[in-house]
Amino acid sequence: MKTNDRVLRYFFADGDSDKFRKTLADCAENGYDGLFLSHGGEDYSYEFITDVSKKYKDLKIVTFDAVFKDKDGELQKINGVTQSFQDDDNV
């Protein structure tokens, strides 16, 4: 889809953490301006997105319903990454 001279591309990982990581890495390496990530897995999102955001400092990342937990299971935030959540109980 093209909008305002921007091209939007959609990718699906189908719940596969390896596919999620590869797709995210490929997009970052190919110079995408930004990524909107939905529902990344708790067991891998924090570490992987942290590494990508440090390596590609100009890449804008927004997540939806992706919880970031470190190796100890503690909730974390990632500098420069915008998180958004849907409050299903109040919808």
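Analyst: This is a predicted model. In it, a polar atom of the serine 53 side chain lies 3.0 Å from the backbone oxygen of threonine 50.

User: Where is serine 53 placed?

Analyst: Serine 53 sits in helix H2.

User: Is serine 53 buried or exposed?

Analyst: Serine 53 has a relative accessible area of 16%, and buried means under 20%, so serine 53 counts as buried.

User: What does serine 53 touch, leaving out residues up to four places away in sequence?

Analyst: Serine 53 touches Ile61, Ile78 and Val81.

User: Which other residues of H2 are buried?

Analyst: Besides Ser53, they are Ser45, Phe48, Ile49, Thr50 and Val52. The buried residues of H2 pack against helix H1, E3, E4 and E5.

User: Now E4. Which side chains point to which face there?

Analyst: E4 covers residues 60-64.

User: Why do they alternate?

Analyst: In a regular strand, side chains alternate between the two faces of the sheet.

User: How many bridges join E3 to E4?

Analyst: Five, and the two strands run parallel. Serine 38 has phenylalanine 64 in E4 as its bridge partner. From E3 the chain passes through helix H2, residues 45-55, to reach E4, and this β-α-β crossover is right-handed.

User: And how many join E4 to E5?

Analyst: Four bridges, with E4 and E5 also running parallel. Valine 62 has threonine 82 in E5 as its bridge partner.

Conventions
Residues numbered from 1 in each chain as written. Predicted model: local features only at pLDDT ≥ 70, side-chain atom pairs only at ≥ 80, totals over all residues. Heavy atoms only, no water. Buried < 20%, exposed > 50% of the residue type's maximum accessible area, 1.4 Å probe, protein only. Pairing = 2+ DSSP bridges. Right-handed = clockwise from strand over helix to strand, strands pointing away. Contact = heavy atoms within 4.5 Å. Polar contact = N/O pair within 3.5 Å; in protein donor to acceptor, adjacent residues only side chain to side chain.
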